[in-house]
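Q: Pick one part of this model and look at it closely. Which residues cover it, and how does it fit into the rest of the chain?

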Amino acid sequence: MNAILNYNFYNNEMKKGLEDKLFFMERKEILKDVKSIMDYGCADGALIEEMSSLYPWLKFIGFDLDSEMIKRAKSKNISNAEFFDKFEAANQNKSNAILCSSLIHEVYSYGTKKTIKEFWFNLNHGEHEYIIIRDMCMSKNDLAYKMLDIDMLNKVYKYGDKKQILDFKESWGEFKTTADIIHFLYKYRYIDNWKREVGENYFPICIEDYENLIDMDKFEKIHFEHYLLPYQKEVIEKDFKINLTSKTHIKMIFKRK
């Protein structure tokens, strides 16, 4: 795994769209049912810090494998939050909900078959009532997986950084579909952590895969959104003159039956 070279840049990027990441709090039943929330992959605790200020009566548990991130999270001194770099310790708090925000693509990018299996086991087992997911994800039915937009590709070559394009192609091969182009367009801004980001798989699974990954005998899907993040659309249009239309993000809530 390539290390995070600039933690401040990385965490500032993660802070963007905090309101979007808190979509689940609009569900009244969650505020009613939940007493504690685990942020699985909490990074420096920015999301927990925001939730804590809005919902001070809740307890928050932060878990991240990166000990430097946990150190930074603890330094925030959030009174109703605890942070751990081991899942077993974090899970002892028996949170009512597990939140996975911008996490699953990293699980697949840096995990092994064993750790990926353990991740889904952790989500499907335990005593939590809710699984909340927000991440990058496309549908197998999106035409972007079946064709290559030549005009879009020409604009990438025209406006994109040549070294970044070369690095991307060395990691992922030639641009064969529009989905490949979108993958690049979601990476190019991460200049300070480029060596790490270029190798991450932002779209490791499709929407349709979740039906087999979440135990639907135990959980039911009560919320689903598939959308294009407005900020991404705007910045790509500004930098590349590309009007992106493919839906690239999901929000899902699963409730225990």
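A: Start with the whole chain. Of the contacts with a separation of 6 or more, 74% join residues 24 or more positions apart. Contact means heavy atoms within 4.5 Å. This is a predicted model: local features need pLDDT of at least 70, side-chain atom pairs count only at pLDDT 80 or more, and totals for chains, interfaces and linings use all residues. Residues are numbered from 1 along each chain as its sequence is written, and side-chain values use heavy atoms, with hydrogens and water left out.

The chain has 14 helices and seven strands. These are DSSP runs numbered from the N terminus: helices are H or I with at least four residues, strands are E with at least two. For 257 residues, a compact globule would have a radius of gyration near 18 Å; the chain's 19 Å agrees. That radius is taken over C-alpha atoms, and the globule rule is 2.2 Å times the number of residues to the power 0.38. Along the principal axes, the C-alpha atoms fill a box of roughly 50 × 40 × 35 Å. Buried residues are 52% of the 257. Buried means under 20% relative accessible area, exposed over 50%, and partly exposed in between, with a 1.4 Å probe and protein chains only.

Now the part itself. Helix α11 spans residues 178-185, and seven of its eight residues are buried. They are T178, A179, I181, I182, H183, F184 and L185. What do these buried residues pack against? Four helices: α9 (150-159), α10 (162-172), α12 (194-197) and α14 (230-240).

Take F184 first. Its relative accessible area is 0%, and F184 is buried. Its ring pairs with that of F175: the centres are 6.2 Å apart and the planes are at 85°, so the pair is edge-to-face. Rings of Phe, Tyr and Trp (its six-membered ring) pair if their centres lie within 6.5 Å; planes under 30 degrees apart are stacked, over 60 edge-to-face, and the rest tilted. F175 also counts as buried, at 7% relative accessibility.

From F184, step across to α10. Q164 lies in that helix. At 10% relative accessibility, Q164 counts as buried. Setting aside neighbours within four places in sequence, Q164 is in contact with F184, Y188, I191 and W194. Q164 and I191 are 27 residues apart along the chain, and their C-alpha atoms are separated by 9.0 Å.

I236 is found in α14. I236 is buried, with a relative accessible area of 0%. Not counting residues up to four places away in sequence, I236 touches L185, Y186, Y188, K241, I242 and L244. For a view across the chain, take I236 and S67: they are 169 residues apart in sequence and 33 Å apart in space, C-alpha to C-alpha.

Next, a strand for comparison. M252 lies in β7 (residues 249-256). M252 is buried too, with a relative accessible area of 1%. Leaving aside neighbours within four places in sequence, M252 is in contact with F23, I131, I132, I133, Y210, K221, H223 and F224. M252 and I222 are 30 residues apart in sequence and 7.6 Å apart in space, C-alpha to C-alpha.

The chain has 15 aromatic pairs by the ring rule. In one of them, F23 and F24 have ring centres 5.8 Å apart and planes at 90°, so the pair is edge-to-face. Both F23 and F24 are buried. Y210 belongs to one aromatic cluster with Y40, F63, F87, F119 and W120.

Last, two loop residues. Most residues other than glycine have a negative phi. K94 has a positive phi of about 50°, in the loop between α6 (87-91) and β4 (97-101). S102 has a positive phi of about 55°, in the loop between β4 and α7 (104-110). S102 counts as buried, at 18% relative accessibility.
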